Amino acid sequence: GSIIVWSDRYTAAHGTLSARGGAVSGDGGLVETSSAGRLEFSTPVDVSAANGAAGTWLLDPEDITIDEAGAASISTSLNGGSNVTIKTADEGDGDGNIAVNASITKSEGPDASLTLDAHGTIDVNAPITSTEGSLDVNLVAGTQVNVSADINTNGGSFSTNVTAPEVPESTEPEVNPVDPGGPVTPGEPVTSVGEDREGGKPNEVHEQISEASEETVHAVTTSVEMDGETAAANPISDIVVAANVDTGGGDIAIVGDYVEIVSGSGADAGDVLISTDGGSLTVDASSDVIIASDSQADIRIQTGGDIDIIANSVTVASSGEGGDVLIETDGEFSALTVGDVVIEGGQSDDAMVDIQAGSVTLSADQVVVSNVGSETGNASLNATGDITVEGDSLVLEGPEGDVLVSTEDGKVSV
C-alpha cells in the first residue's frame with residue numbers, strides 16, 4: 001500500500017509510518033513525506049519486506065539539508081531494508097538542492113538503496129557508508145554533484161548523473177543538422193558545426209555513440225575570443241569527486257557534462273581512492289574529463305573490470321607539489337574522444353602518472369604522453385596485452401623525466 005503525507009507549505013512528519021510486506025509474502029509499499037515548502041522528519045519509515053522486495057520511502061521537499069537527526073532516521077530505515085529516495089523539484093522559493101551534512105551509515109540488515117535526486121545541486125559533505133549488506137548509492141542532479149566525503153557501498157553500485165538544464169531559447173545556438181549522408185556507426189564520432197547568433201564564433205556540437213550501450217551523448221560547447229586567445233565557456237553542469245569511493249565490487253558510473261576527479265589543493269588536499277574489486281568504472285561526459293592530483297595528494301583508481309571513458313577530451317595529469325595519479329585495472333582501459341587524450345606527469349619532483357591495464361584502447365584526434373618540469377617524475381602507459389591508438393598521432397614528450405609506453409605480452413599499434 002501507500003502512505004502520502006504532503007503539503008503546500010510545511011510538513012512535519014514525526015510519527016510512525018510503515019508500509020511493510022507480509023510476514024509470508026508481499027513487497028514493501030510506498031511512503032511519501034513531502035512538501036512544496038518546508039519538510040521536517042525525525043523518525044524512520046519502514047517499507048521493508050521479510051519475503052519480498054523492499055519498498056521506497058520518498059522524501060520530496062523544496063530543498064533539504066540532512067542533519068544528524070535526519071541522517072539517523074535515514075540510516076535506521078536503510079538498516080531495516082527500506083529503500084530511501086530524496087527528491088527535490090523546481091517548485092517554491094528553493095533551488096532544489098540536497099546537502100548531506102551528517103553521516104549516513106547502514107550497519108545492519110539486508111541490501112538497500114539510497115537515491116538523491118536533486119533539481120539543483122548535490123553536496124556530499126559527510127560520509128555515506130555500509131558495513132552490512134550492500135548499499136546502492138545513486139546521485140542524480142540537475143546542475144552539479146560535489147563529492148567531498150567518502151562513500152563506501154560494501155558491494156553496492158555507485159552512480160552519479162548530472163542532467164544539464166535546458167538552454168534558454170535566447171542563448172541556444174543555431175545548429176546545422178548533421179549531414180545525413182550515410183548511417184551512424186556505433187563508436188564513431190559525428191560532428192556538426194553550427195553558427196552563433198550575432199555572427200560569433202562557431203559552436204561545435206559533438207554527437208557520439210557509445211559502442212557499449214549505443215546511447216547517444218550530446219555536448220554543446222561555446223568559445224569566446226579574449227585578447228586574441230580562445231577560452232572555453234563555463235560548462236553547463238559538472239561533477240567533482242574529491243573523496244574516496246569504494247564499492248567493494250559494485251559498478252561505478254559517472255555521467256555528466258564536465259567531470260573532475262581531483263585530490264584538491266592546499267588545505268583541502270587529500271588522497272583520493274576510487275575502487276571496485278570486481279566491478280567496472282564508466283565515465284561518460286559530454287564535455288571534458290579531468291583526473292588531476294595536486295599538493296602531494298595522490299589519486300588512485302583501481303578496478304577489477306574495465307575502465308571506459310567517453311568525452312570530448314581526457315586529461316590525466318600529475319601537478320602541484322608532487323601528487324601521483326595511479327590507474328590500475330585487470331581489464332581494458334579505454335578512452336573514446338573527439339579531441340585529445342593527454343597523459344601528463346612530472347610537473348614537480350617525483351610526480352608521476354602511471355596507467356596499468358590488461359589492454360589499452362585510445363581513440364582520439366591526438367594522444368599525448370608527456371613529462372614536463374621534473375627530472376624524477378614520469379608518465380607511463382603499460383599493458384599486459386595490446387595497446388591500440390586510433391587517431392592522427394601518438395606524441396611522446398619527455399624533455400626532463402621519463403616517458404614509457406610498454407606492453408608485456410602484446411603489441412603497440414598506432
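**View 1. The whole protein chain.** Buried residues make up 46% of the 414 residues in the protein chain, which is shown here as a predicted model. The secondary structure of this chain comes to one helix and 44 strands. Among the contacts that join residues at least 6 apart in sequence, 70% link residues that are at least 24 apart. The chain exposes about 18400 Å², and carbon and sulfur atoms supply 44% of that area.

**View 2. The open sheet of ten parallel strands.** Ten strands with parallel pairing form an open sheet, and their order in it is β11-β14-β17-β25-β28-β31-β34-β37-β40-β43. The edge strands are β11, residues 104-106, and β43, residues 402-407, each of which pairs on one side only.

**View 3. Strands β28 and β31 side by side.** Within the sheet, β28 stands next to β31 in the strand order. Strand β28 covers residues 272-276 and strand β31 covers residues 299-303; the two run parallel and are joined by five bridges.

**View 4. Helix α1 and its two ends.** Helix α1 consists of twelve residues, 68-79, which at 1.5 Å a residue should span 16 Å, and because its end C-alpha atoms are 16 Å apart, the model agrees with that expectation. At the start of the helix, a side-chain oxygen of Asp-67 reaches to within 3.3 Å of the backbone nitrogen of Ala-69. After the helix comes Gly-81, whose phi is positive, near 90°. Several residues of α1 are buried, among them Gly-70, Ala-71, Ser-73 and Leu-78.

**View 5. Ile-74 in the largest nonpolar core.** In soluble globular proteins, nonpolar side chains tend to be buried together. The largest nonpolar core of this model has 80 residues, and those with the most contacts inside it are Ile-74 and Ile-291. Ile-74 is also one of the buried residues of α1. Not counting residues up to four places away in sequence, Ile-74 touches Phe-41, Trp-57, Ile-66, Val-84, Ile-86, Ile-104 and Leu-114.

View 6. When neighbours within four places in sequence are left aside, Asn-79 is in contact with Thr-105, Lys-106, Ser-107, Glu-108, Gly-109 and Pro-110.

Definitions and conventions:
Residues are numbered from 1 along each chain as its sequence is written. Side-chain values use heavy atoms; hydrogens and water are left out. Two strands pair if DSSP finds at least two bridges between them. Helices (H or I, at least four residues) and strands (E, at least two) are DSSP runs, numbered from the N terminus. A nonpolar core is a set of buried Ala, Val, Leu, Ile, Met, Phe, Trp, Tyr and Cys residues joined through side-chain atoms within 4.5 Å. Buried means under 20% relative accessible area, exposed over 50%, partly exposed in between (1.4 Å probe, protein chains only). Contact means heavy atoms within 4.5 Å. Accessible areas come from the Shrake-Rupley method with a 1.4 Å probe; for residues, only the protein chains shown count as cover. The expected span of a helix is 1.5 Å times one less than its number of residues. A polar contact is a pair of N or O atoms within 3.5 Å; within protein, one must be able to donate a hydrogen and the other to accept it, and residues adjacent in sequence count only if both atoms are side-chain atoms.
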